[in-house]
Structures are given as C-alpha cells and as structure tokens.
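This report is meant for a reader who is meeting the structure for the first time. Please keep the sequence and the model in view while reading.

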Amino acid sequence: MQVYEDIKGKIESGEFAPGDQVPSVLRLQQIYGIATATGQKVHRALRNDGLIRTEPGMGSFVVPRADQAGERGRS
C-alpha cells in the first residue's frame, strides 16, 4: 500500500499530470524494490480507483480528472 499511496499522491499533487505515463511494473520494482506481483497490484488498484488507464503495449497513463467524473456518470 505504501507504493500505491506514493503514486496516488504524485497524481493528486500534479507531479504526474493527466496524460503522463506512470512507472511500469518493472520500473516500480526497480524504484521501490518490490516484487512483480506487488507492482501489478499497485497498477490494478490505481486503475480500479480511476486514476490511470493502461494501453496494451504502450503503458499506463494518468486519467484527466474531468474524464473520471464523466465515466462515473455513464456507468
């Protein structure tokens, strides 16, 4: 959860702006010294919370806040 909270905080503070690519699972392993499964859980939690979107073969990107609200309203 510490890695999740760190990345979430960087998104909320604007350090990772909408459209920015967030570190990959491999990069999270290198930065934080975590296992692959932990990195995958971090990405999954960020996606589930609507903070990032993943594009296969391209990476994971911060979702613009306006898009988050719009997507919630369409469910």
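What does the accessible surface of the chain come to, and what percentage of it belongs to carbon and sulfur atoms? The accessible surface comes to about 4,800 Å², and 50% of it belongs to carbon and sulfur atoms. The model is predicted, and the values given here are computed from it.

## Overall layout

The chain has four helices and two strands, and, when these are read along the sequence, they follow the pattern α-α-α-β-β-α. Of its 75 residues, 28% count as buried. Among the contacts in the chain with a separation of 6 or more, 46% are accounted for by residues 24 or more positions apart.

In soluble globular proteins, nonpolar side chains tend to be buried together. The largest nonpolar core of this model has 13 residues, and those that touch the most other members are Val 3, Ile 7, Ile 11, Phe 16, Leu 28, Val 42 and Leu 46. The elements that give two or more residues to this core are helix 1, which spans 2-13, and helix 3, which spans 36-48. Helix 1 gives the most, with four residues.

Val 42 touches Val 3, Tyr 4 and Leu 28. The C-alpha atoms of Val 42 and Gln 2 are separated by 9.4 Å, although the two residues are 40 residues apart along the chain. Leu 46, for its part, is in contact with Tyr 4, Ile 7, Lys 8, Ile 11, Leu 51 and Ile 52.

## A buried histidine

Which residue has its backbone oxygen 2.8 Å from a polar atom of the side chain of His 43? That residue is Pro 23, whose backbone oxygen lies at this distance from the histidine side chain. His 43 has its place in helix 3, and it is buried, with a relative accessible area of 7%.

When residues up to four places away in sequence are not counted, His 43 touches Val 22, Pro 23, Ser 24, Val 25, Leu 28, Ile 52 and Ser 60.

Strand 1, made of residues 52-55, and strand 2, made of residues 59-62, pair in the antiparallel sense over four bridges. Within this pairing, Thr 54 has Ser 60 in strand 2 as its bridge partner.

## Salt bridges

How many salt bridges does the structure hold? There are three. In one of them the side chains of Asp 6 and Lys 10 meet, with an N to O distance of 3.6 Å. Because Asp 6 and Lys 10 are four residues apart in helix 1, they are separated by about one helical turn. Asp 6 counts as partly exposed at 30% relative accessibility, and Lys 10 likewise counts as partly exposed, at 22%.

Another salt bridge joins Glu 12 to Lys 8, with the closest N and O atoms 4.0 Å apart. Glu 12 and Lys 8 are also four residues apart in helix 1, so about one helical turn separates them. Glu 12 has a relative accessible area of 46% and is partly exposed, while Lys 8 is partly exposed with a value of 23%. Glu 55 is partly exposed, with a relative accessible area of 25%, and Arg 53 counts as partly exposed at 37% relative accessibility.

Technical notes: Residues numbered from 1 in each chain as written. Predicted model: local features only at pLDDT ≥ 70, side-chain atom pairs only at ≥ 80, totals over all residues. Heavy atoms only, no water. Core = buried A, V, L, I, M, F, W, Y, C linked by side-chain atoms within 4.5 Å. Buried < 20%, exposed > 50% of the residue type's maximum accessible area, 1.4 Å probe, protein only. Contact = heavy atoms within 4.5 Å. Pairing = 2+ DSSP bridges. Polar contact = N/O pair within 3.5 Å; in protein donor to acceptor, adjacent residues only side chain to side chain. Areas by Shrake-Rupley, 256 points an atom, 1.4 Å probe, with all protein chains shown as cover.
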